[in-house]
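Work through the following exercises with the sequence and the model side by side. Try each task on your own before you read its solution.

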Amino acid sequence: MSRLRAGLDQQITIFSPSGDLHQIDYARKAAALENTTVALKTKNAAVLATQKRITDKTIVPRSVKHLFRITPKIGCGMTGRIGDSHFQVRRSRNEASKFRYTCGYDVTAKALCERMADINQVYSQHPEIRPLGCSMILIEYDEKLGPTLHMTDPGADCNSYKGCGLGPQADQAEAFLAAHLKGVTRNMSEEKAIQLALECLGTVLDIRFEPLHLEVGIVSKAHPEFRMLDEMEIAEQLNNMLRSSQGS
């Protein structure tokens with residue numbers, strides 16, 4: 001029996017006696033070892049914020065990317081292995097393009113997230129394909145539903161959220177967001193939503209960020225197309241947060 005159990009994690013298609021697929025669990029752990037990403041939505045906006053983990057001093061910080069535009073209105077945040085993340089982004093862009101060509105209108109973030117989850121699930125059925133070591137968050141401003149936020153992971157889970165986190169400090173980030181996304185805060189402005197996401201990252205990681213080490217993306221009722229803040233805009237938000245904390 002011990003020999004049987006020892007080999008259960010070598011094949012993606014074999015369930016363990018406890019009902020687990022160990023390779024999926026390992027893929028989730030691989031995704032959780034990289035950058036921490038937080039996402040939240042308010043009444044009129046959805047925000048993505050992530051850290052840039054610069055592992056080598058010779059790397060140009062601007063070349064490290066974890067936020068991507070999938071369609072003009074859908075923004076994406078990736079956490080996990082860089083190569084797997086880039087493959088997942090290319091695949092999601094291809095799926096969005098095929099949907100547009102076939103149906104004549106743009107795919108929604110929810111439908112795209114469900115499609116990527118379906119693809120992730122297929123990776124657990126074939127021993128010749130390993131699961132991807134990355135997780136994906138998608139945000140969009142929908143004309144009928146308002147801001148939407150969705151996440152999928154290597155296990156093909158696909159859910160919608162008010163706020164969520166990925167990476168090493170995901171649990172702490174989600175606890176922070178659960179405590180702060182209540183009542184009147186749901187009506188906060190775009191600027192306050194961005195600052196809340198940055199505050200969440202800074203609190204759970206217990207560091208003071210420089211603009212070069214951050215990426216922030218937003219969609220809103222006023223600006224439905226996904227856009228990423230440049231370094232000057234991030235620096236301005238950090239300075240406003242600092243002034244606000246000193247004033248209080």
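**Exercise 1: A strand and its surroundings**

Determine for strand 5 which way each residue points and whether the residues are buried or exposed.

Solution. Cys134, Met136, Leu138, Glu140 and Asp142 point one way from strand 5, while Ser135, Ile137, Ile139 and Tyr141 point the other way, and all of them are buried. Here buried means under 20% relative accessible area, exposed means over 50%, and partly exposed lies in between, with a 1.4 Å probe and protein chains only. Strands (E, at least two residues) and helices (H or I, at least four residues) are DSSP runs, numbered from the N terminus. The pattern of directions can be understood in general terms, since in a regular strand the side chains alternate between the two faces of the sheet. Nine of the nine residues of strand 5 are buried, so this strand is largely enclosed by the rest of the structure.

Before going on, note that this is a predicted model, in which local features need pLDDT of at least 70 and side-chain atom pairs count only at pLDDT 80 or more, whereas totals for chains, interfaces and linings use all residues. Residues are numbered from 1 along each chain as its sequence is written, and side-chain values use heavy atoms, with hydrogens and water left out.

**Exercise 2: The partners of strand 5**

Find which strands pair with strand 5, and which residues stand opposite Leu138.

Solution. Start with strand 4, which runs antiparallel to strand 5 and is joined to it by seven bridges; two strands count as paired if DSSP finds at least two bridges between them. Within this pairing, Leu138 is the bridge partner of Cys76. Turn next to strand 6 (residues 146–152), which also pairs with strand 5 over seven bridges in the antiparallel sense, and there Leu138 stands opposite His150. Finally, follow the chain from strand 5 to strand 6, and you will see that a hairpin of three residues joins them.

**Exercise 3: The two sides of helix 3**

Work out which residues of helix 3 are buried, where they lie around the axis, and what covers them.

Solution. Helix 3 (residues 82–103) has 22 residues and reaches 31 Å from its first C-alpha to its last, close to the expected 32 Å, a span found as 1.5 Å times one less than the number of residues. Its buried residues are Asp84, Ser85, Gln88, Val89, Ser92, Glu95 and Ala96. They cover an arc of only 140° around the axis, which puts them on the same side of helix 3; the arc is that of the directions from the helix axis to the C-beta atoms. Among what covers these buried residues are strand 3 (67–69), strand 4 (74–80), helix 4 (109–122) and strand 5 (134–142). The face turned away from the buried side carries the exposed residues Gly83, Arg90 and Tyr101.

Take Asp84 as an example: this residue is buried, with a relative accessible area of 8%. Leaving aside neighbours within four places in sequence, Asp84 is in contact (heavy atoms within 4.5 Å) with Arg130, Leu132, Gly133 and Cys134.
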